[in-house]
Amino acid sequence: MKKCLIYILSMLSCFATAQTTNEQKYLLTSASNTLGYSVTDFIDPYLSPLTYSGSGIGYNFQSQRFLSIENTRISKFQKLSLLAGKAYNPPHTASMSYFGVNYGWGMRCHLQPINRFRVQLGGLWDLDFMFKYLARNVNNPVNVDLGTNLNVSGSATYDISLFRKNMKLKLDVKSPVLGCMFVPYSGASYYEMFGLGNLDNILHFSSLHNKRGVDANLMLEIQLRSTVWRVGLGYESMKWEANDLIFKRNNLSLKIASVFDFATFAGHKKRAPSNFISPNE
Amino acid sequence: MKKYNLILLLVVALFASCMEEPIVEPNTNMGNFESLWRIIDTKYCYLDYKQINWDSIYTAYKAKITEKADAFVFFDLMGIMLNELKDGHVNLYSNFDRSRYWKWYTDYPANFNVNLIHSARYLGNNYKIANGLSYQKIANGRVGYIYLGSFSYGFNDANIVSALNYFKDCKGLIIDVRNNSGGSLDYSRQLTSCFFKEEKVTGYIKHKIGNGHTDFSKALEVKTPAHKYIQYLRQVVVLTNRMSFSATNDFVNRMKQAPNVLVVGDKTGGGGGLPLSSELPNGWLVRFSSSPMFDSDMQNIEWGIEPDVRESLKSYDQLNDIDTIIEKAITLIK
């Protein structure tokens, strides 16, 4: 009887191991929705030689996943950022409304040099658009910052334990290296450029010689019950030059983000397992 | 090791090409004067064409600047300095005043009387209004008359079609742009396109590409297209006076090159430079001519455009409710 029991237990243990080995793996996408309040300074000499300062709100969506189940060293990620607000000249005699969109797609290599400390390094291609409207200007009430960049991009995450909670301190940085940008001459009106088609010298190659900056976020990730939150600061400082005009954008923001993971199932190849219930069945 | 040194050198060279921001003057009378003077020195487009010695003006006006002067006194002084440019497109705007140069029309005969065009002989009381176009048949229904008081009010193709349909039995058309001091160049282009059979180069434009007084881009052709659906090819007479300025100056320049069009009246007021804006440290706005415009012979149109037939408003005609310039136009439409 004893022999029989040992045999059954060992068989059960083998079966359990086999079950673990054959378990289907799924790639999770880690995503975050971020809201922020920001204070921004602009220098746009096409619109005004003065520095405009103001505040606005921002939204950011970011997602990241590994390339494949087999390759968990390299991940791909994408970001979409929106920013809108209003800024004033120093004497507060004029206001500038602004609205910006930035979309980026990149890849990163994951490293863990020491315990509890992880590093991601890679590149990011982004498309940056900022619409600025200074209503009282005549024939030059609008300027657009438009550019596309290849950025170096990286992050460093450190696991910390505070107040009996596991937290992560995460620094995320990107900086443009190469790209292309739209900068008109200060004397060329949009009427002349887009009404009459004078597009001479409005597109410029950009690299470290004429466009420099950094976009960094320092966030603390906290798990609260069944949710994960990040709070922290964002800082962007960008400076670029073309056609003898020097532009500047400084942005400091207070951010809060909710973080979640999800897996996607679609089509024949990525069909959801039978124990998953979908309203689309 | 050499390879790393080279990379290091390259990185240092890239960052050494620093982007120095232009100096923003302090918000003092002297700082605002310096800022205003520099904006005009580097961005105004007619300093050389008008043979203005802007450096002498700097010396002369700098001597008059005191920090004791209040905002009104300082504003007036800066307004007088800007009037040295003799340009109706140059203004200084503050919260309490707007400097202006009006001698481009105040030094000349008005050649326009608004009461006359609203008399029974012309628009009368029952004239039609289609957005910015006021129109009526005159000369016993033989001639169509459109008064266009501004290129800011706007009109669309349907408005133009309505007016031209109303004049379908008329021998010709008068477009009166006297006292029209401008507005949108798009409206000028839209209206003139109805009088062209085919696209034509009707002018040129340049813009500043540097801080020097002669740093201009190459001239860009300004074309007037033929309107896709609206074609009015009967006789047209455009009436002008010295207050026909800016976008109206552009309208007259385009119309002069349309077939079957004559310009009658006084020389236009000019305003051939497309204006842009900038700011002083105290928040005042300055508007200035930035992009010079030329006719199809590359002649500057800043000082105005001569009419084909010069005519002026006679005082004895006015006493009889007659507009001499409109009457002249009627006689030219056969």
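Start by selecting B:Gln51, which sits in the loop between α2 (29-43) and α3 (54-62) of chain B. Helices here are DSSP runs of H or I with at least four residues, strands are E runs of at least two, and both are numbered from the N terminus. Phi of B:Gln51 is near 50 degrees, a positive value in a residue other than glycine. Buried or exposed? B:Gln51 counts as exposed because it has 7 C-beta neighbours inside 10 Å. The cut-offs: buried takes 20 or more other C-beta atoms within 10 Å of the residue's own, exposed 12 or fewer, partly exposed is in between, and C-beta atoms are placed from the backbone.

Before you click on, some housekeeping. You're looking at a predicted model, where local features need pLDDT of at least 70, side-chain atom pairs count only at pLDDT 80 or more, and totals for chains, interfaces and linings use all residues. Residues are numbered from 1 along each chain as its sequence is written, while chains are lettered from A and ligands numbered from 1 in the order in which they are written.

Next, jump to B:Asp321, in the loop between α10 (315-319) and α11 of chain B. B:Asp321 is not a glycine either, yet has a positive phi of about 60 degrees. With 13 C-beta neighbours inside 10 Å, B:Asp321 counts as partly exposed.

Now show α11 (residues 324-332) of chain B: this helix lies across β4 (143-148), β5 (172-176), β8 (235-240), β9 and β12 of chain B, at about 155 degrees to β9(B). That angle is taken between N-to-C directions on a scale from 0 to 180 degrees, with axes as lines fitted to C-alpha atoms, for helices over the stretch in contact.

Seven strands of chain B form an open sheet with mixed pairing, in the order β2-β3-β4-β5-β8-β9-β12. Pairing needs at least two DSSP bridges between two strands. Which are the edge strands? They are β2 (128-130) and β12 (309-310) of chain B, each pairing on one side only. At the β12(B) end, two bridges join it in parallel to β9(B) (residues 261-265), and B:Val264 stands opposite B:Val309.

Then pick β6(B), residues 200-205. It pairs with β7(B) in the antiparallel sense over five bridges; B:Tyr204 stands opposite B:Glu221 there. β6(B) also pairs with β11(B), again antiparallel, over three bridges, and B:Gly203 has B:Asp295 as its bridge partner.

Bring chain A into view for the interface. How many residues of chain B are in contact with chain A? There are 32, against 29 residues of chain A, where contact puts two C-beta atoms, placed from the backbone, within 7 Å. On the chain B side, α1 (2-16), β7 (220-224), β10 (273-279) and β11 (285-295) each supply at least two residues. β10(B) gives the most, with six residues.

Leaving aside neighbours within four places in sequence, A:Val119 is in contact with A:Leu111, A:Pro113, A:Gly154 and A:Ala156.

Last stop: residues 11-21 of chain A, where pLDDT stays under 50 and the model has zero contacts beyond four places in sequence. pLDDT is the predictor's confidence in each residue, from 0 to 100. Where it is low, the predicted coordinates should not be read in detail. Chain A as a whole averages a pLDDT of 91, and 92% of the residues score at least 70.
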